[in-house]
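I opened this entry to keep track of what I looked up, one topic at a time. The sequence and the structure come first.

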Amino acid sequence: MKSSFPVRLLALLVLLVGVAALAGCQRGAQPPWRLTDVSGHLPDLDFKLTDDNGKTVTGADYRGKVVLLYFGYTHCPDVCPLTLAQLHVVMQRLGAPADDARILFVSVDPARDTPPIMHAYVNAFDKRAIGLVGSPRDTEALAKRFRSAFTREPDKGDGAYDVSHSSAIYIFDRDGKARLLATPSAAQDDIVHDLHLLLDLGVKA
Amino acid sequence: MTKTFIALLLLCATGTAFANDAASLRASGAWIRVMPANLPAGGYVTLENTGDTPVTLTTASTTAFGHAMIHRSSTDGGMGRMEMVHSVTLPPHASTAFAPGGYHVMLTDAVKPLAVGDKVPVTFTLGDGSTLPVDFIARPANATGPTD
């Protein structure tokens, strides 16, 4: 027997309410993220590296700030500058709240990237960007922590080489909790949208 | 007589083809991302092929840098990587963009430090041996295009 239109409509409504309730249950009071929500799926921001001023820093030094973590290297002529230039535009679009956010650019090329080179590099993009370098072991440990990967490609002669690396941007809240994952091809609007939400969340009391 | 005619025809055909490749291309929005500390820089341009046949672009050269190579970046599968490209085919009646994240001219070992606003002449060599000179404008590291 074919159900009448009002019955089907009612069934649909019940289903929709059910789905909404379920979603509400699972997500709690989660903001409407546009990027990939990784809350609870990746570890907190934790590392011990050297910043571009030569100072030893840890993940805890950035508590209170929303952190955008990106792996790259300074001899990367295209994808890294593209990503950092886009993040600079994102920071500009955020306006004053961007002062509560930091871009952490972690080198996957510790053999060539020294703090002074990293300093010149990150500051060419954004004043809220920080370059981080570490021993090959510490760098690898941080990459592994976030299931990121990098591979040094064969020498192209004259000592030049490329490093293939994960292109994701990891976004942490002010408590150092991993919250979102963005790809370099993510819409700038979406990154700005989610960072506004994340910056509004404040620090857990 | 016939031989002369064929020879003339051949000459014409070669002559036309020779002029064609570079003549059918229009370059626009050429810029270089200037990096600090003499780090490798990317060069970007839009090339429009106004002709009826595909044009092959084989090499790039410039006196402003020690090396100029055509590369292509990709972020397939979440990995950012680069590969050297031996030729790029520019389809007829279409524009091909050398843009961040894709095709680019990788420029290394600047002869002298570039300043924002400098013009850098780059010459592309095409499949038929003709050449296309293009002036690239030096732009800041955090630029996202030729004019932003």
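Predicted model: local features only at pLDDT ≥ 70, side-chain atom pairs only at ≥ 80, totals over all residues.

**Chain A.** I looked up the secondary structure and found five helices and ten strands in chain A. I then checked burial: of the 205 residues in chain A, 40% are buried. For contacts in chain A between residues at least 6 apart in sequence, I read that 71% join residues at least 24 apart.

**Chain A against chain B.** How many residues of each chain are in contact with the other chain? I found 27 residues of chain A in contact with 23 residues of chain B. On the side of chain A that touches chain B, at least two residues each come from helix 2 (79–94), helix 3 (115–123) and strand 8 (163–166) of chain A. Helix 2 of chain A gives the largest share of that side, with eight residues. Sorting this side of chain A by class, I got 14 nonpolar, ten polar and three charged residues.

**Strand pairing between the chains.** I next looked for strands that pair between the two chains. Strand 8 of chain A pairs with strand 5 (residues 79–84) of chain B, in the antiparallel sense and over two bridges. I located A:S166 opposite B:M79, which belongs to strand 5 of chain B.

**B:G78.** Where does B:G78 lie? I placed B:G78 in the loop between strand 4 (65–74) and strand 5 of chain B. Is B:G78 buried, exposed or partly exposed? I counted B:G78 as partly exposed because it has 14 C-beta neighbours inside 10 Å, while the class runs between the cut-offs of 12 or fewer for exposed and 20 or more for buried. Leaving out residues up to four places away in sequence, I listed A:S166, A:S167, A:A168 and A:T183 as the residues that B:G78 touches.

**Nonpolar core.** Which residues of the largest nonpolar core touch the most other members? That core has 88 residues, and I found A:L68, A:L69, A:L104 and A:F105 to be the ones in question. The largest share of this core comes from helix 2 of chain A, with eight residues.

Notes: Residues numbered from 1 in each chain as written. Chains lettered and ligands numbered in written order. Helix = DSSP H or I, 4+ residues; strand = E, 2+ residues; numbered from the N terminus. Contact = placed C-beta atoms within 7 Å. Nonpolar A, V, L, I, M, F, W, Y, C, P; charged D, E, K, R; others polar. Pairing = 2+ DSSP bridges. Core = buried A, V, L, I, M, F, W, Y, C linked by C-beta atoms within 7 Å.
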